[in-house]
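Welcome! Open your viewer, have the selection tool ready, and let's take a short walk together.

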Amino acid sequence: NLAINEELKSQIGIEGGIQVILQIMDTYPLNEGLNENCCFALAELSFSNEVNVSFIVACKGVQLLLNAMHNHPKSEDLLDHAVSVLCNLCQNNNNNKDLILKLGGAQAIVDTVLNNFQALEFLQTSFRTLGNLAYDAKSVTAIIKAGGVQGLVAGMTVHNEDMEIIDIAIRVLSNLAQDATPDNMAIMAQEGAVQAIVEAAANYTDKLDIEIAALGCLCNLGRQLSNAAMIIKQGGTEATIQAMLALDFDANLMAAAFRLLNILAHSQPAELEKMHEAGITTALVSGIKKQSTNRLVLANAMSAFALLSYNADNAERMGGLGVLQVILKIVQDNINNQSILCDCFPALSSLARSEGNAVSMSELAMNALSTCITNPQAENRFLNVCFAFLANLCVHSQATEGVMRTSLVANTLAVLHRHVGNPEVLIRGLKALENMCFSTDEVKSHLRG
């Protein structure tokens, strides 16, 4: 009651109040009511107060708090207060986090979570504390090996209508996945993290913050190929598309959604087929039309397009769903933006695996390439991308005929002449010209001219 402001809180600690409270806990470890009051007082005194936090640590308070949790594993209020103190101790203090982990704090918190599923406030506090503790690879390993994922997933399952629990659990799982080793990633999947997050993404499509957190967590989990396959198998693609539609292609959601879809698109062909079946191409096209100036959305979408069009059949299928038109429009709207074009051209290059796509885009693409390579500010990397795209277009004889209606050949030769000392540009530019030579007699005549 005395701790009504920061000055009084600090004064209580300076006058020895923290030490007295901890001495009481040490003297009467089995007195539940007394320990509950002590933990409550410590929670109040340590909240946003660095002075009292330092006193608690200096007086061996971490071990006494863990002892109290061990001695009273079913006392919900005591546990809530004790974990609140631990949460306060780790706030922006990695040394205290390390101390709590060293003394078995992660295991103690997880054990009490697994024994107290119904204690909602305690679970919220515990989940926040686990999230604070998970600040590097070492701490993540300690929490995962203590069964933290199992506790988080169980809490989400038992309290699946409590948005605060769901939100906190997702963010903690995301923290764990961000710094997890491959072995830890496998444990997370085995203990239900992937399934729980996919279900959250599917079930809370009207909750923007939860959707963004869930998709971000799946991004972290999906960095491991086996997890990405599991996400796809359990409906992650469909859940992402549903969220995009339900939340009207919100910009922040789209950044997370397209990043996830790009990560998943690095999967094996069997998984990519499932993504196609889920309607991934149409979703990407619709999203780009809504967020055509969102740089992150564009970059991830173009990468996903390139990966999804991994063979001629899929490239052909995607071309029929409006992909070419939307990318070519972006190219035209950003003809002087080398960064955006460096994303777009590889996507178009991959889609050009289909002869129909290559023919359809050839004239517009070649005119754009002619403009791009003659830009005085064109960097070597950008020229390499341009010529690689041109070479792929010119694999198809009919598509190559478009070169006759442009100044692309003359411009290519001029660029190569200016870059005689740059082997990479020369190799890619000459490869494009070489591919043109295998085209029709008309094209060969145009080249000789």
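A crossing is left-handed if the near helix is turned anticlockwise from the far one by less than a right angle, and right-handed if clockwise. Keep that in mind for the first stop. This is a predicted model, where local features need pLDDT of at least 70 and side-chain atom pairs count only at pLDDT 80 or more, while totals for chains, interfaces and linings use all residues. Residues are numbered from 1 along each chain as its sequence is written, and side-chain values use heavy atoms, with hydrogens and water left out.

**First stop: two helices.** Select residues 355-373, helix α25, and residues 380-393, helix α26 (helices are DSSP runs of H or I, at least four residues, numbered from the N terminus). α25 passes α26 in a left-handed crossing. Now show A358, M361 and A365 of α25 with F382, L383 and C386 of α26, which are among the residues making the contact (heavy atoms within 4.5 Å).

**Second stop: A82.** Move to helix α6, residues 76-89, and pick A82 there. Is A82 buried or exposed? A82 is buried, with a relative accessible area of 0% (buried means under 20%, exposed over 50%, partly exposed in between, with a 1.4 Å probe and protein chains only). Beyond its neighbours within four places in sequence, A82 is in contact with C39, L65 and M69. Select L66 too: its C-alpha lies 7.8 Å from that of A82, although they are 16 residues apart in sequence.

**Last stop: cysteines.** The count is 0 disulfides (pairs of cysteine sulfur atoms within 2.5 Å). C59 is partly exposed, at 26% relative accessibility.

Conventions:
Axes fitted to C-alpha atoms, helices over the stretch in contact; angles between N-to-C directions.
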